[in-house]
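This briefing goes with the sequence and the structure shown below. Please keep both in view while reading the points that follow.

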Amino acid sequence: MTKHIEKAIEDLKQGKLIIVVDDDNREAEGDLVGLASLATAETVNFMTKHARGLICAPISEAIADHFGLTEMIEENTDPYRTAFTISVDHKETSTGISAFDRAKTIKELANLSNNEQAFHKPGHIFPLIAKEGGVLERRGHTEAAIDLAKLANEPQATYICEILNDDGTMARRPQLEALAAEWKMPIISIEELVTYLTANQELTVKLPTSYGDFDLTLFEDQANKEHLLLSKGEIRSLQEPLLIRVHSECLTGDIFGSHRCDCGEQLHEALRMIEENGIGAILYLRQEGRGIGLKNKLKTYQLQENGLDTFDANIALGFEPDERDYHFAAQILKSLGIKMVNLITNNPDKIEQLQAFGIEVVERIPLEVRPEKENLNYLRTKKEKFDHLLSIN
């Protein structure tokens, strides 16, 4: 897979086009992708003649800010929140629509010596603003194109075009693979790009602990947030279900031993279980306070001191009761070749999310610890309002 992605990057650096396919459960379409700094009338014409879709120009947030490009409308109702800006033509073009003019506009979007006045608005090229976190935040062609530009060490401006069949229908995976062979062009998937990015962010050290000897691996997502995998034994490409606890950071419980929750005790018990099993892992996600952050978590504590439970306190601050997301957890597991897990959890939402992201949960391993008098109501709320699988009455 590594050579597959790197071949695609090398072709892009030579000014060639590649095909990028998104997930089957998303739009399931393929786009031609090229680097804006290397756009030519020939490649643009190839897109218009053979791909037939809308030519757009994914750009980073920084480039969008540089050229004063904001989202086209304030309330984006597109199902995938595609961040179109107003369309543009470079001021040195004529009609703006020829392959030569469109290549000129695309190329100048990668040229930061230009300013906002370098473009007429509206025009014939549609910039798209990529999410800062790339495909690890949003699995779209926009983000994939910008991630590829980063990997190519080129300006974060690209151009893409959806691929249609001769009859006007969307080309799907079988047709896209046939076209890639016909055009002698690399074809990669966003799933492969996600795995490549995740795998290339690893940093591993040995970590002896009170519970046993583990390996500690750091993974950094595209938003520069650091997550940790504490593993025991050879877990890569494991052909049987991996015993694992996916644990969201809880500074007050994990570090200070807070009795407001059961998080610290769950973490330590999971470590004991994995040491006893001889193989397994703790995936430690940096999403404090059910995903709302430490400051807001402390605000919910204040609200709880005035009578609200943990569920309603989040809502009172304008959040969902649980903002946590396990997409990156699934990506880490896939990058390690792990497809099946025995999940140490009481949380059915965690199971549902991991399975939705392609990780098979073969068995749920309960994780109940002795309650404290201070967290009895907290545990009852988890059972009654969050549907956690607990035996507490």
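**A bridge between two strands**

Arg52 has Ile163, in strand E6, as its bridge partner. This pair belongs to the antiparallel pairing of strand E3 (residues 52–59) with strand E6 (residues 158–163), which runs over three bridges. The model is a predicted one.

**The chain as a whole**

- The secondary structure of the chain comprises 15 helices and 14 strands.
- Of the contacts between residues at least 6 apart in sequence, 67% join residues at least 24 apart.

- Strands E3 and E6 sit in an open sheet of seven strands, with the order E4-E5-E3-E6-E2-E1-E7 and mixed pairing.
- Its edge strands are E4 (88–90) and E7, each of which pairs on one side only.
- On average, neighbouring strands of this sheet are turned by 45° against each other, direction ignored.
- Strands of a sheet pair through backbone hydrogen bonds, in either the parallel or the antiparallel sense.
- Strand E1 pairs with E2 in the antiparallel sense over four bridges, and Ile18 stands opposite Val33 in E2.
- E1 also pairs with strand E7 (residues 187–189), in the parallel sense and over three bridges; here Val20 stands opposite Ile188.
- In a regular strand the side chains alternate between the two faces of the sheet.
- Both faces of strand E1 (residues 18–21) are covered: Ile18 and Val20 are buried on one side, and Ile19 and Val21 are buried on the other.
- Helix H2 lies across E2, E3 and E6, and runs at about 140° to E3.

**The sheet from E8 to E14**

- A further open sheet of seven strands has the order E8-E9-E10-E12-E11-E13-E14, with mixed pairing.
- Strand E8 (203–209) and strand E14 (360–365) are its edge strands, and each pairs on one side only.
- Neighbouring strands of this sheet are turned by 30° against each other on average, with direction ignored.
- Strand E11 (residues 242–248) pairs with strand E13 (residues 340–344) in the parallel sense over three bridges.
- Within this pair, Leu242 has Val341 in E13 as its bridge partner.
- Helix H13 (residues 327–335) lies across E9, E10, E11, E12 and E13, and runs at about 115° to E9.

**Helix H5**

- The buried residues are His141, Thr142, Glu143, Ala144, Ala145, Ile146, Asp147, Leu148 and Ala149.
- Asn153 follows H5 and has a positive phi, near 55°.

**Ala36**

- Ala36 is in the loop between strand E2 (30–35) and helix H2 (41–51).
- Is Ala36 buried or exposed? Ala36 has 1% relative accessibility and therefore counts as buried, since buried means under 20%.
- Not counting residues up to four places away in sequence, Ala36 touches Ile106, Lys107, Ala110, Ala157, Thr158 and Tyr159.
- Ala36 and Gly257 are 221 residues apart in sequence, and their C-alpha atoms are 52 Å apart in space.

**Ala316**

- Ala316 belongs to helix H12 (residues 310–316).
- Which residues is Ala316 in contact with, leaving aside its neighbours within four places in sequence? They are Leu303 and Leu308.
- Ala316 and Thr300 are 16 residues apart along the chain, and 8.4 Å separates their C-alpha atoms.

Definitions and conventions: Residues are numbered from 1 along each chain as its sequence is written. This is a predicted model: local features need pLDDT of at least 70, side-chain atom pairs count only at pLDDT 80 or more; totals for chains, interfaces and linings use all residues. Side-chain values use heavy atoms; hydrogens and water are left out. Contact means heavy atoms within 4.5 Å. Two strands pair if DSSP finds at least two bridges between them. Axes are lines fitted to C-alpha atoms, for helices over the stretch in contact, and angles run from 0 to 180 degrees between N-to-C directions. Buried means under 20% relative accessible area, exposed over 50%, partly exposed in between (1.4 Å probe, protein chains only).
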